[in-house]
Amino acid sequence: MSFYVVVPARYASTRLPGKPLADIAGKPMVVRVAERCQQSEAGQVYVATDDSRIAAALDGQVPVVMTREDHPSGTDRLQEVAATLGLADDDIIVNVQGDEPLIPPSVINQVAANLAANPSCQMATLCEPIDDADSLFNPNVVKVVFDDQGRALYFSRAPIPWHRDGFAAGGRDIRDGQWWRHIGIYAYRVSFLHQYVQWPPAQLEQLESLEQLRAMANGVAIHVAPATEVVPGGVDTPADLERLRKQLGGQV
């Protein structure tokens, strides 16, 4: 199996401006993410950015594809990369978020292999169990429900599935249920990316602010599987950044 990895990295961030360049134990975050990706089985790793400062920080360590500034989502940015590189329709691209400096290379391989093994799906992604009520009811934790064949039924910021009896009258007992957190790593077929950018934003996508719902609204099958290795949380806030700095402070 052959696949590519693309790391979208934007300088602008509402909660943490300049996030890709944030120093983590002597290296910009985007460099740490790219290094993790290079440890996977990808044939090539690229960083996609619209900012020359990010390109300069990589200093030739990873090929950079400069993209437009006006992309509404990372998926749209990946499509521009695929078009610029002239990738074939059946090529597979894995989208690794630029704020995941601890992502295990094994899960990058896993999501690519899952898509390759499921030709009826145009996307693949991963999930992990939710075992605490705070995460289940947190709208910043995206939940996913999938069928017995591993195809997504829905993604939501709401606590799905709803445990009618366990949540009655405000209850938060999740011991008897099965809930899954969506892990934001995707594998795509290039042909799907070219379709995706032709579709207008879907109503569900806009309501939930989840770009994968545009694909589902247009009948695209998304493969979902539990990650084979724990995926540490990414960097969304200054507190996350400080946590990672302490965690990686002793590493080179």
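How many salt bridges does a search of the whole structure find? The search finds 12, a salt bridge being a side-chain nitrogen of Lys or Arg within 4 Å of a carboxyl oxygen of Asp or Glu. The model is predicted, so local features need pLDDT of at least 70 and side-chain atom pairs count only at pLDDT 80 or more, whereas totals for chains, interfaces and linings use all residues. Residues are numbered from 1 along each chain as its sequence is written, and side-chain values use heavy atoms, with hydrogens and water left out.

**Salt bridges**

Select Arg172 and Asp134, whose side chains meet in a salt bridge (2.8 Å, N to O). Arg172 lies in the loop between strand 9 (152-156) and strand 10 and Asp134 in helix 5 (residues 133-136), so the pair ties together parts that are 38 residues apart in sequence. Helices (H or I, at least four residues) and strands (E, at least two) are DSSP runs, numbered from the N terminus.

Next, select Arg214 and Glu205, which form a salt bridge at 3.0 Å, N to O. Arg214 is buried, with a relative accessible area of 3%, and Glu205 is buried at 8%; buried means under 20% relative accessible area, exposed over 50% and partly exposed in between (1.4 Å probe, protein chains only).

**A buried glutamate**

Move to Glu208 in helix 7 (residues 203-208). Glu208 is buried yet has no salt bridge, and the nearest side chain of opposite charge, Arg157, is 5.0 Å away; Lys and Arg count as positive and Asp and Glu as negative, while His and the chain ends are not counted. The side chain of Glu208 does make a polar contact with that of Ser156, at 2.7 Å. A polar contact is a pair of N or O atoms within 3.5 Å; within protein, one must be able to donate a hydrogen and the other to accept it, and residues adjacent in sequence count only if both atoms are side-chain atoms.

**Aromatic rings**

Finally, display Phe146 and Trp180, a tilted aromatic pair with 5.7 Å centre to centre and 55 degrees between the planes. Rings of Phe, Tyr and Trp (its six-membered ring) pair if their centres lie within 6.5 Å; planes under 30 degrees apart count as stacked, over 60 as edge-to-face and the rest as tilted. Phe146 is partly exposed at 22%, whereas Trp180 is buried at 14%.
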